[in-house]
Amino acid sequence: MKNKLLTPLPVGDYILKNRVVMAPLTRMRADVDLVPTDLNVEYYRQRSSAGLIITEASQISRLGQGYPMTPGIHSEKQVAGWKKITDTVHKEGSRIFLQLWHVGRISHSSFHPEEGLPVAPSAIRPKGNTLTSEWKQVPFETPRALETSEIKSTIQDYKQAAVNAKTAGFDGVELHSANGYLLNQFLHGKTNHRKDEYGDSVENRARLTLEVIDQLAEIWGAGKVGIRLSPFTFSGDINDPEAIPVYEYLLKELDSRQLAYLHFVRARSAEIEDQKVFEKEKELWNRYSGTIIAADGFTSETALEYLENNRADAIAFGRNFISNPDLPQRIESGAELNPYDRTTFYGGGEKGYTDYPFLQKQNA
Ligand SMILES: Cc1cc2nc3c(=O)[nH]c(=O)nc-3n(C[C@H](O)[C@H](O)[C@H](O)COP(=O)(O)O)c2cc1C
């Protein structure tokens, strides 16, 4: 019997050729104008055996950027750069969604000197260090709290980015509401102390994510819009066990919108001491009746087990897709996986990017 990971899956308006999804992976290799390059085209071309490619996160505005050399989707040049990628991936027979990103407080003013300090729901500084536009490690700045009117214009930025993604030839968009970035900062009480319509109550904390989703669905149709969530994430100094009711409400609302998929980053066992969290997690995702893509720490074997236990419909692979451009073929043949090299994850050129070996030499 065929490995379930390699069987087709209807996702929103599409039928994916398999359930092996390429997770969104920031690689910091765009050019100085934050435009995708020909090297980026080759990287995505190599990974077109995925049923669905979710791109590295792409900032919707200058203020949305938080790391050096991450590609944007807010200028004409950036749209043209992405178009080369979508054309190539389509020629190779895969589907590609753009992950829309605003980092909020996980930024530094060096990325947007004209706009000044990073913005966030509230003026609360994340613990730890960040990178400047010159790749220098510095402590985070205390962000500026967005005015209510600025939240409205941020929604417009998402909307424009969704229009741009259409022009760039994507098959759909994934809203990044996970991993400690802007929308996640609104969901969690640790980072959101607002008293206006975007804070305080459960409904208010979920409001921005839902308003953005509705804008994206208006541009694309719900069947071409996905969303990524990570209720139990620790990244970005965001961890907030009290946020569960916000996710319960959000999932109910998302469920009624019939999106292409819900992409969830599962709780990391190495980070969680309280085993009840895993039960809570299961309960949470069971509330969602639509298509689910699960991510984090999957091997070929645990991915299959997860699908067979009906915990998810597809699995997103991150680090293993970095080092195994032909991951679906390796799953099919049971071949060993190439190990990944963390030192080349972020920044640089071909090394650790487009030079991981395929099982067989590719036809040029
Ligand atoms: C180099 C690197 C870059 C990442 N960039 C993103 C990103 O742009 N957007 C996102 O939602 N997650 C990002 N992630 C998280 C991955 O999508 C994925 O959830 C994580 O790697 C765990 O899956 P894995 O165990 O299969 O690697 C990144 C992870 C890595 C290792």
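Where is Thr191 found? Thr191 lies in the loop between α4 (182–187) and α5 (202–220); helices are DSSP runs (H or I, at least four residues), numbered from the N terminus. The model is predicted, so local features need pLDDT of at least 70 and side-chain atom pairs count only at pLDDT 80 or more, while totals for chains, interfaces and linings use all residues. Residues are numbered from 1 along each chain as its sequence is written, and side-chain values use heavy atoms, with hydrogens and water left out.

Thr191 is buried, at a relative accessible area of 2%; buried means under 20% (1.4 Å probe, protein chains only). The side chain of Thr191 reaches two backbone oxygens, that of Gln185 at 2.8 Å and that of His188 at 3.1 Å.

| Residue | Protein atom | Distance to a ligand oxygen atom |
|---|---|---|
| Thr26 | polar side-chain atom | 2.6 Å |
| Arg228 | polar side-chain atom | 2.7 Å |
| Gly297 | backbone N or O atom | 2.7 Å |

Of the 610 Å² of accessible area that the ligand has on its own, the protein covers 90%; accessible areas come from the Shrake-Rupley method with a 1.4 Å probe.

How values were computed: A polar contact is a pair of N or O atoms within 3.5 Å; within protein, one must be able to donate a hydrogen and the other to accept it, and residues adjacent in sequence count only if both atoms are side-chain atoms. Helices (H or I, at least four residues) and strands (E, at least two) are DSSP runs, numbered from the N terminus. Buried means under 20% relative accessible area, exposed over 50%, partly exposed in between (1.4 Å probe, protein chains only).
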